[in-house]
Amino acid sequence: MSCNAKKISLPKINTLLSILRAKKYIVYKKPYQINIIGVRNKISNPEKFDDYIYVIYKNENFNWQGFRFNATTDPSTKYLKSSSSKGIAILPQGQYVNSFKLRLHNGQYLALGQSKDICVYRDYDRNNTLNFDVNTKTCGLFGINIHRAKSNSADDGNGNTEYIGDYSAGCQVFQNYYCFQQFIDLLEQSKSLYGNSFTYTLIDKSLQRKFIFKRLIFGSSLIVGFILIGLGIKKIK
């Protein structure tokens, strides 16, 4: 069996890195120093692996390489409905510098585990919809890890887990077992060169869309305002 990851083009790599640079985030440029970028879908389904995790790095010839893996960046319906009074943790968009390291996930297999305090949002309403209060954050060691779902051939014989189910209570989770192994191999190579410390960047396309929409409304209001002012001045003349 092999990983079904998509190798991404140089223009796509440049687009993602441009987003990071625009936000003043770190971009790693040394050979095999890994940039790990999660992209949360505009419309999240808490049962489906409908997000992506990108891995971008330069090879020994200083050429950019990139892969896209199917994943989820959200907690599943199970945890949204059964969370404690504190609410289930949802990782907000941002860059988490040197906040993860390779270690055992639940004492079972090698994964990226949270190694520094991280701030999360909380979903309080206990339904199957991802809702969170962006004005309220709690910070700490919550076990926000980057790991995989089921092992080996999983549900379809090709290493894919169909539904998120038990596998995400706020973690970032790979759908495909073989792709996760490829991811770990890349991290091991990076670790041997630069040490056991990794940065994760999460981009939320839903929040980006809301921000762009607000800017468009604001821009349109300004244009209409200038037009009305212009018409008023013309009328006075």
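The exercises below, each with a worked solution, concern a predicted model.

**Exercise 1.** Determine whether His-147 is buried or exposed, and state which side chain makes a polar contact with the side chain of His-147.

*Solution.* Begin with the position in the fold: His-147 is found in strand E10, which covers residues 146-148. Next, take the relative accessibility of His-147, which is 3%; because buried means under 20% relative accessible area, His-147 counts as buried. Finally, look at the side chain of His-147, which makes a polar contact with the side chain of Tyr-109 at 3.3 Å.

**Exercise 2.** Locate Tyr-32 and Ala-154, and classify each as buried or partly exposed.

*Solution.* Tyr-32 has its place in the loop between helix H1 (10-22) and strand E2 (35-40), and its phi is positive, about 65 degrees, although Tyr-32 is not a glycine. With a relative accessible area of 15%, Tyr-32 is buried. Ala-154, in turn, sits in the loop between E10 and E11, where its phi is near 55 degrees, a positive value in a residue other than glycine. The relative accessible area of Ala-154 is 21%, so this residue is partly exposed.

**Exercise 3.** Identify which residues gather with Lys-205 in a patch of positive charge on the surface, and place Lys-205 in the fold.

*Solution.* The patch of positive charge on the surface gathers Lys-6, Lys-12 and Lys-42 together with Lys-205. Lys-205 itself is found in helix H4, residues 205-236. Its relative accessible area is 35%, and Lys-205 is therefore partly exposed.

Terms used: Residues numbered from 1 in each chain as written. Predicted model: local features only at pLDDT ≥ 70, side-chain atom pairs only at ≥ 80, totals over all residues. Heavy atoms only, no water. Patch = residues over 30% accessible without salt bridge, like charges linked within 9 Å, V, L, I, M, F, W, Y side chains within 5 Å. Areas by Shrake-Rupley, 256 points an atom, 1.4 Å probe, with all protein chains shown as cover. Salt bridge = Lys/Arg side-chain N within 4 Å of Asp/Glu carboxyl O. Lys, Arg positive; Asp, Glu negative; His and termini not counted. Charge placed at Lys NZ, Arg CZ, Asp CG, Glu CD. Helix = DSSP H or I, 4+ residues; strand = E, 2+ residues; numbered from the N terminus. Buried < 20%, exposed > 50% of the residue type's maximum accessible area, 1.4 Å probe, protein only. Polar contact = N/O pair within 3.5 Å; in protein donor to acceptor, adjacent residues only side chain to side chain.
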